[in-house]
Amino acid sequence: MNANYKNWVSNGMIGAFSAGTALLGAASAVLMCTGLAPKAKAVIAGTVGAGALACGAMLAWSAYAHGKFSYSGKRQLSKEIVEGTAEYITLPDGGRGLDVGCGSGALTIACAKRNPQGRMTGIDRWGKEYASFSKRLCEDNSDAEGVNNTEFYQGDACKLDYPDEYFDAVTSNYVYHNITGVDKQELLRETLRVLKKGGTFAIHDIMSKGRYGDMQQFVRELRDQGFEKVELIDTTNGKFMSRGEAAILGLGGSSLLVGIK
């Protein structure tokens with residue numbers, strides 16, 4: 001059995017845009033053949049045709065993004081990001097790590113592979129918006145990879161069900177920007193709350209100023225609080241992707257917050 005880490009751009013999305021493009025295109029053609037007044041026909045058919053073009057554009061983007069993110073495709077951007085983030089996570093013998101928003105378990109498993117001497121916990125809420133992701137999927141993927149030092153639970157990134165300084169490492173990948181109505185820096189602080197002094201962290205997300213505020217100031221605050229090492233790495237300048245690729249995929253501002261508490 002092979003691991004199935006899914007794709008951020010689902011086949012269902014591609015199918016929906018394909019159907020929308022076909023239906024709206026056909027409707028526009030039919031309208032042009034009706035007995036409506038020429039002016040009304042032009043307006044209605046033009047509006048429907050514009051909708052078909054919009055769906056077609058989204059279909060083209062979805063197909064492009066799906067190919068980029070696919071674990072079995074040529075680019076394998078998701079795999080590069082996951083494995084590149086996992087490189088910053090180190091567990092001591094018998095140590096415990098936490099992956100917040102584990103999705104299909106990819107980052108949890110990658111960290112566990114790199115740290116067979118420890119154990120990784122992945123948590124996610126697995127809501128209806130991401131119905132194809134589940135705890136069972138994570139466990140199946142872990143089994144498929146031959147990894148037995150993982151465990152998965154339902155959890156809330158806004159309020160982690162763990163005491164202060166419980167884990168030896170914490171990580172997350174493209175999760176917090178999806179959580180609306182919550183200060184993103186507070187989400188980071190909540191994740192770092194459960195990290196032990198001396199533990200490693202690697203958190204990757206779209207940390208644009210509009211979403212996260214002044215992250216350079218946040219880095220300074222962590223250093224002032226006694227964090228041993230804190231670094232904010234732009235991952236759109238060749239680290240994981242180019243700026244052009246990031247812009248097309250809607251990942252502009254992607255950064256990796258790494259360090260030691």
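Q: How much space lies in the second largest pocket?
A: The model is predicted. In it, the space in the second largest pocket comes to about 520 Å³.

Q: Which residues lie nearest the centre of the second largest pocket?
A: The lining has 23 residues. By class they are 8 nonpolar, 8 polar and 7 charged. Nearest the centre are Ala3, Asn4, Tyr5, Tyr71 and Glu145.

Q: Which element gives the most to the lining of the second largest pocket?
A: Two helices, α3 and α4, each supply at least two lining residues. The top contributor gives 5 residues, and that element is α4.

Q: What is the volume of the largest pocket, and which residues are closest to its centre?
A: The volume of the largest pocket is about 1200 Å³. Its lining counts 44 residues. Elements giving two or more of them include α2 (38-69), β1 (96-100) and β2 (119-124). Closest to the centre are Trp8, Tyr130, Tyr174, Val175 and Asn178.

Q: How many residues in the lining of the largest pocket are charged?
A: The lining divides by class.

Q: Where does histidine 177 lie?
A: Take the flanking elements. On one side is β4 (167-173), on the other α6 (184-193). Histidine 177 sits in the loop between β4 and α6.

Q: Which element gives the largest share of the largest nonpolar core?
A: This core holds 37 residues. Elements giving two or more include α5 (135-144), β5 (195-206), α9 (243-249) and β7 (254-260). The largest share is 6 residues, and it comes from α4.

Q: What does leucine 77 contact, leaving aside neighbours within four places in sequence?
A: Leucine 77 is among the residues that touch the most other members of the largest nonpolar core, as are Phe69, Met241 and Leu251. Its contacts beyond those neighbours are Lys68, Phe69, Phe240, Met241, Leu249 and Leu251.

Q: How many residues are in the second core?
A: The second core is separate. Its members include Leu98, Leu160, Tyr212 and Val230. Tyr212 is also one of the residues touched by histidine 177. The second core has 27 residues.

How values were computed:
Residues numbered from 1 in each chain as written. Predicted model: local features only at pLDDT ≥ 70, side-chain atom pairs only at ≥ 80, totals over all residues. Heavy atoms only, no water. 1 Å grid on protein atoms, 1.4 Å probe; cavity = no way out; pocket = protein on both sides within 12 Å on 5 of 7 lines; lining within 4 Å. Points joined across faces, edges and corners; volume = space filled by probe spheres on them. Helix = DSSP H or I, 4+ residues; strand = E, 2+ residues; numbered from the N terminus. Nonpolar A, V, L, I, M, F, W, Y, C, P; charged D, E, K, R; others polar. Contact = heavy atoms within 4.5 Å. Core = buried A, V, L, I, M, F, W, Y, C linked by side-chain atoms within 4.5 Å. Buried < 20%, exposed > 50% of the residue type's maximum accessible area, 1.4 Å probe, protein only.
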